[in-house]
Protein chains: 2
Amino acid sequence: MTVLQDRDARREALLAAADAVVQRDGASASMAAIAAEAGITKPILYRHFGDKGGLFAALAERHTDRLLDALVAALTAGGSPRERVHRTIDAYLAMIEQEPEVYRFLVESDEAVAAREPVRGFVRRLEDLLAAGIAHELRLPEDDVRPPVWAAAIVGMVQAAGERWLASQWCSRTALSRQLTDLLWGAYALQAERR
Amino acid sequence: MTVLQDRDARREALLAAADAVVQRDGASASMAAIAAEAGITKPILYRHFGDKGGLFAALAERHTDRLLDALVAALTAGGSPRERVHRTIDAYLAMIEQEPEVYRFLVESDEAVAAREPVRGFVRRLEDLLAAGIAHELRLPEDDVRPPVWAAAIVGMVQAAGERWLASQWCSRTALSRQLTDLLWGAYALQAERR
DNA sequence: AGGCGAGTGTTACCGGCGGTAACACCACGA
DNA sequence: TCGTGGTGTTACCGCCGGTAACACTCGCCT
């Protein structure tokens, strides 16, 4: 029992060390550097995570889980649909604003393609949530093919706009989230009235 | 003079060989493999492109230029704004449908971060075009900050939806392009009437 | 007590990669 | 005939991901 706790605690410590190195050296951090940061040697890393892809995937999963929690919290809290959408978008923007290195690692994980699989999973889960919510909100039948497309489009839209905004912050965060909400709401209102 | 032609022709041949290897082995293709495919050895590659990033950037630039040409052709040809937007989206989807390996190389260039810079440039040029077109179409003042946001959002939306559609083709290409056009047109119409 | 196996750690290595220095060949003008 | 510049090659370097083989410790069974 205690041995399992030890393993888990160790794993967490290794992930923390990897996180530190990645945020310092970028995603091209070497396994040896991570091991040195953790005060151990490479084979231990490999015994815990299999290979570099496994380590990066675990690291990415950690961050995407955290982000997804924040987003569903924002999305499922009270308020009108519009408020909830705006709050969710703003939560996402806040995340990438406050931790841009994490965002960079997740979105352009150089030479760590394995880290992109958890990101894909995250995007997929988020899109599924959105698609279900949209279908429910617009009272569309289960087999309507449009909600998944809309969900993917919405996620991609917010991600791309956030990326550009992060590169050159042309306006405040709340202004951007409001603009994006307006944009979405236009399409939503149109679909709702056309329904 | 002829020596310059030779250099250019050689460069093109090398790029073609690199293209073949990348489409066969994925973006993790090694320089030695590319050199072998071209029937030469590594130092020649390095004399032409500097380093691996240079080669991949040249390769990416080639494809993005081609894609941008196709898109501006679709966008600037005749027809109503709605037709032109639909045609452009469809041209993009046709590209990623017919050459998915190229798309994969451009969008998730494993361990070739340098290949992403031309892609960024391409996206930027496309967004600038769109932003200008939107501002002109809606008769917005020059200093309005919203068109760039919208342009980024639109590009991201189409890219994300295209990606998902490519992974699991849930509907025909024309159906998807029409859906995306509808979605955009909803927001556009709203902005236009609210103007 | 005494060994004995499982787990944990290390060193030292392998193959392959990106990148480069040094050398061979070859055409051509003095 | 002898440089001389360009084109090509071989052979190497350093680094990285990944692993095999070997020490050490500690609890447990006889």
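## Interface between the two copies

In this predicted model, 100% of the interface residues of chain B are also interface residues in chain A, so the copies meet through the same surface. The interface joins 30 residues of chain B to 30 residues of chain A, two residues being in contact if their C-beta atoms, placed from the backbone, lie within 7 Å. On the side of chain B that touches chain A, the elements that give two or more residues are helix H8 (146-167) and helix H9 (173-194) of chain B. H8(B) gives the most to that side, with 13 residues. Helices (H or I, at least four residues) and strands (E, at least two) are DSSP runs, numbered from the N terminus.

By class, the side of chain B that touches chain A has 19 nonpolar, five polar and six charged residues. Ala, Val, Leu, Ile, Met, Phe, Trp, Tyr, Cys and Pro count as nonpolar, Asp, Glu, Lys and Arg as charged, and the others, Gly among them, as polar.

Residues are numbered from 1 along each chain as its sequence is written, while chains are lettered from A and ligands numbered from 1 in the order in which they are written. As this is a predicted model, local features need pLDDT of at least 70 and side-chain atom pairs count only at pLDDT 80 or more, whereas totals for chains, interfaces and linings use all residues.

## Fold of chain A

Chain A contains nine helices and zero strands, in the sequence pattern α-α-α-α-α-α-α-α-α. Its C-alpha trace spans about 60 × 40 × 30 Å along the principal axes. Of the contacts in chain A between residues at least 6 apart in sequence, 63% join residues at least 24 apart.

Buried residues account for 35% of the 195 residues in chain A. A residue is buried if 20 or more other C-beta atoms lie within 10 Å of its own, exposed if 12 or fewer, and partly exposed in between, with C-beta atoms placed from the backbone.

A residue is near a strand if its C-beta atom, placed from the backbone, lies within 6 Å of it. Helix H2 (31-38) and helix H3 (42-49) of chain A, together with helix H3 (42-49) of chain B, are the elements that give two or more residues to the surface near DNA strand D. That surface has eight nonpolar, two polar and four charged residues.

Around DNA strand C there are 15 residues, and Thr41(A), Pro43(A), Ser30(B), Asp51(B) and Lys52(B) come nearest. Here the elements that give two or more residues are helix H1 (2-25) and H3 of chain A together with helix H2 (31-38) and H3 of chain B. The surface near DNA strand C divides into eight nonpolar, two polar and five charged residues.

The 25 residues of helix H4 (residues 52-76) of chain B should span 36 Å at 1.5 Å a residue, which agrees with end C-alpha atoms 36 Å apart. The expected span of a helix is 1.5 Å times one less than its number of residues. Among the buried residues of H4(B) are Leu55(B), Phe56(B), His63(B) and Leu71(B).

In helix H5 (residues 81-98) of chain A, the buried residues include Val85(A), His86(A), Ile89(A) and Tyr92(A). The buried residues of H5(A) fall within an arc of 160 degrees seen down the axis, so they line one face of the helix. The arc is that of the directions from the helix axis to the C-beta atoms. In helix H6 (residues 100-107) of chain B, Val102(B), Tyr103(B), Phe105(B) and Leu106(B) are buried. These residues cover an arc of only 160 degrees around the axis, which puts them on the same side of H6(B).

## Individual residues

Trp150(B) lies in helix H8 of chain B and is buried, with 24 other C-beta atoms within 10 Å. Leaving aside neighbours within four places in sequence, Trp150(B) is in contact with Leu183(A) and Ile134(B).

Arg139(A) is not a glycine, yet has a positive phi of about 55 degrees. Arg139(A) is placed in the loop between helix H7 (116-137) and helix H8 (146-167) of chain A, and counts as exposed, with 8 C-beta neighbours inside 10 Å.
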